[in-house]
Amino acid sequence: MPVPEFIADLRARIGHDPLWLIGTTAVVIRGGSEVLLIERADNGCWTPVTGIVDPGEEPADAAVREVAEETGATAVPTRLAWVHATAPVVHANGDRAQYLDHVFLMDWVAGEPRPDGEESTAAGWFRLDALPQMSARMRDRIAAARSDRGQTRFEWSGPAG
């Protein structure tokens, strides 16, 4: 489902006004050398699996769910790699949003990826040293997940006042 029902309900009330939403990015790694990517149906861009966290849902559970829904593969989260606010976006339908994104490093468990035909038009494994063209912000998410620092990255503007 491209737009979760709770968002469709909100949009019926507020139109295209900005929404602050919780997001998740699943950087699924197989064998230490491949990453799972999808080609998004809405804009044709290659990205890791991304999605919106449902009300009351844990972000890690949302990452697992989104991978299963969009690719048919099974993956488990191993580390929260990065928490950050995305830049404001305007979706193709005019909806405006900004996301508090949770980037997870995930291990592949089973299943060969296939597109769901609704949110993804292609899905597959790509060598980490031969990624398709993608935005810098998506490359940053993959890099954060693969970082060997073992710590969660977060954005901070410094002391208030």
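Biologist: Which residue forms a salt bridge with Glu 34?

Modeller: Arg 30 does, with the closest N and O atoms 2.9 Å apart. A salt bridge here is a side-chain nitrogen of Lys or Arg within 4 Å of a carboxyl oxygen of Asp or Glu. One caution: this is a predicted model, where local features need pLDDT of at least 70, side-chain atom pairs count only at pLDDT 80 or more, and totals for chains, interfaces and linings use all residues. Residues are numbered from 1 along each chain as its sequence is written, and side-chain values use heavy atoms, with hydrogens and water left out.

Biologist: Are Arg 30 and Glu 34 buried or exposed?

Modeller: Both are buried, meaning under 20% relative accessible area; exposed is over 50% and partly exposed is in between (1.4 Å probe, protein chains only). Arg 30 comes out at 19% relative accessibility, so it counts as buried.

Biologist: Okay, and what forms a salt bridge with Arg 30 at 3.0 Å?

Modeller: That's Glu 112, going by the closest N and O atoms. This pair links distant parts of the chain, 82 residues apart: Arg 30 is in strand β1 (residues 19-30), and Glu 112 is in the loop between β7 (96-110) and β8 (120-127). Glu 112 has 52% relative accessibility, so it counts as exposed.

Biologist: Which residues are linked in a network of salt bridges?

Modeller: Asp 54, Glu 57, Arg 65, Glu 66 and Glu 69. Within it, the Arg 65 and Glu 66 side chains meet at 3.1 Å, N to O. Glu 66 is buried, at a relative accessible area of 5%.

Biologist: How many salt bridges does the count come to?

Modeller: By that rule, 11.

Biologist: Switching topic: how many helices and strands are there?

Modeller: Three helices and nine strands, taken as DSSP runs numbered from the N terminus: helices are H or I with at least four residues, strands E with at least two. From the N terminus on, they run α-β-β-β-β-α-β-β-β-β-α-β.

Biologist: And what does the C-alpha trace span along its principal axes?

Modeller: About 45 × 45 × 30 Å.

Biologist: What share of the residues is buried?

Modeller: Buried residues make up 41% of the 161 in the chain.

Biologist: What about contacts between residues 24 or more positions apart?

Modeller: Those account for 69% of the contacts with a separation of 6 or more, where a contact means heavy atoms within 4.5 Å.
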